[in-house]
Amino acid sequence: MEKRYFGTDGIRGRVGSSPITPEFMLKLGWAVGTAFRHHGGCRVIIGKDTRISGYMFESALEAGLSAAGAHVQLLGPMPTPAIAYLTRTFMADVGIVISASHNPFYDNGIKFFSAVGSKLPDSLELEIERLVDEPMTVVDSAQLGKVSRVEDASGRYIEFCKSSVPTSTSFKGFKLVLDCAHGATYKVAPSVFRELGAEVKVIGASPDGLNINEGVGSTHMAALSQAVVEHEADLGIAFDGDGDRVLMVDHAGNEVDGDELLYIIALDLHERGLLRGGVAGTLMTNLGLELALRERDIPFVRANVGDRYVMAQLRERDWIVGGESSGHIVCLHHTSTGDGIIAALQVLKALQSSGRTLAQACAGMHKCPQKLINVRYAPGATSPLEQSAVKAAVVEAEQRLGEAGRVLLRLSGTEPLVRVMVEGQDAAQVEREAAALADVVAQILNG
């Protein structure tokens, strides 16, 4: 059955437009509480990022959950992976994240974690959607859910992150710049790296509810690159608004993407005999990562785009490391979901162990030229991907690129965008083919 509200990463959209409204969130809270009560559980944890609408939606969800008899613990602003972790440690039945991740402040969304810190199964999401469409009821007054606030959530998560590296670890001697995207990592990330001994400069850590991801963070790397060069730092670390993505820049300000970070982590584990199986990437993963891993006899598999699909591949194969170019990196030997802080710690530990700089550690992977163009479309518009003109243009581009190139067109699971990706050996040709395909898609969308 097709889902009406849930996308690849929860429910997301523009604040005030359906379904991202207070009325829907009230009903959603009730539906979630009712669904989990049917399955025997009614304890819920709620966290959020720093966007202004989080207060409104937190209150609406809280009311709906209480009406269904669910007991709620509020974490306040916390990274998404922290909510997954705390859902497990508090033995809650479900964790709720109010966040639109890397999107601007005027968007928001809801993500869910199960009792074991993983995404909800499709069957449960469908049950929640069915309940949203039913009349809302209220349990007997004596059965209403209670609400409390967790006061030590940040400290618990900081210690958990630090536990992902050996207790003897000290990053003394590292000079880092952190970019917290004015988002959910603004308090905990600087504490983690400072408590492990690093000298830390911080940007993007003054959230006002409106500036999340604005000109900073993993979607806007220029500010971090400039800060690293100005402070003569060893490297820079950029998180997105909810802290489940991480990208880096080297000492010269050059960007290091999720594929390269995944390569560093995987190679370090492989060299220490700790890499179980291989590495899971996605359809968007740069061909250079696949080739670099192949040279070292490390298996590699591509999943559909989205961290839940990477997770599915890892669990199916009993592997521990996977991720996306965008910086969603999963280290299942430490945590149950993508975690920007924990992934960054693994990279730092790998650099420390090898004695390499970030630039040197990336040198073993040669990225193929890749171009990604986003073509925006009106929500609800017919997908252009099935149009004969678009299919023909894809075939022609693939023929011109030959065996050394790839073409991928897909709909974003989080925004109304068609993502046009072209990869090959010749950078100029890749640029031309991507621009031409994007033009064809835009023409179809504009009628």
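When I speak of a helix here, I mean a DSSP run of H or I at least four residues long, numbered from the N terminus, and in that sense Glu260 lies in helix α8. Please keep in mind that this is a predicted model.

Let me stay with Glu260 for a moment. Buried means under 20% relative accessible area, and Glu260, with a relative accessible area of 9%, is therefore buried. Not counting residues up to four places away in sequence, Glu260 touches Glu255, Cys362, Met365 and Lys367. By contrast, the C-alpha atoms of Glu260 and Val72, which are 188 residues apart along the chain, are separated by 39 Å.

Now to the helix itself. The axis of α8, residues 258-271, comes within 9 Å of the axis of α9, residues 287-295, and the two cross at roughly 15°; since angles under 35 degrees count as roughly parallel, α8 and α9 are therefore roughly parallel to each other. Their crossing is right-handed. On the α8 side the contact is made by Asp259, Leu262, Tyr263 and Ala266, and on the α9 side by Leu289, Ala292 and Leu293, which by class gives six nonpolar residues, no polar ones and one charged.

Finally, the cores. The largest nonpolar core has 69 residues, and Ile341 and Phe193 are among those with the most contacts inside it, while helix α11, residues 340-354, contributes the largest share of this core, nine residues. Leaving aside neighbours within four places in sequence, Ile341 is in contact with several residues, including Tyr157, Val188, Phe193 and Phe239. There is also a second, separate core of 33 residues, which includes Ala60, Ala67, Ala70 and Val132.

Conventions: Residues are numbered from 1 along each chain as its sequence is written. This is a predicted model: local features need pLDDT of at least 70, side-chain atom pairs count only at pLDDT 80 or more; totals for chains, interfaces and linings use all residues. Side-chain values use heavy atoms; hydrogens and water are left out. Axes are lines fitted to C-alpha atoms, for helices over the stretch in contact, and angles run from 0 to 180 degrees between N-to-C directions. Angles under 35 degrees count as roughly parallel, over 145 as roughly antiparallel, 65 to 115 as roughly perpendicular and the rest as oblique. A crossing is left-handed if the near helix is turned anticlockwise from the far one by less than a right angle, and right-handed if clockwise. Contact means heavy atoms within 4.5 Å. Ala, Val, Leu, Ile, Met, Phe, Trp, Tyr, Cys and Pro count as nonpolar, Asp, Glu, Lys and Arg as charged, and the others, Gly among them, as polar. A nonpolar core is a set of buried Ala, Val, Leu, Ile, Met, Phe, Trp, Tyr and Cys residues joined through side-chain atoms within 4.5 Å. Buried means under 20% relative accessible area, exposed over 50%, partly exposed in between (1.4 Å probe, protein chains only).
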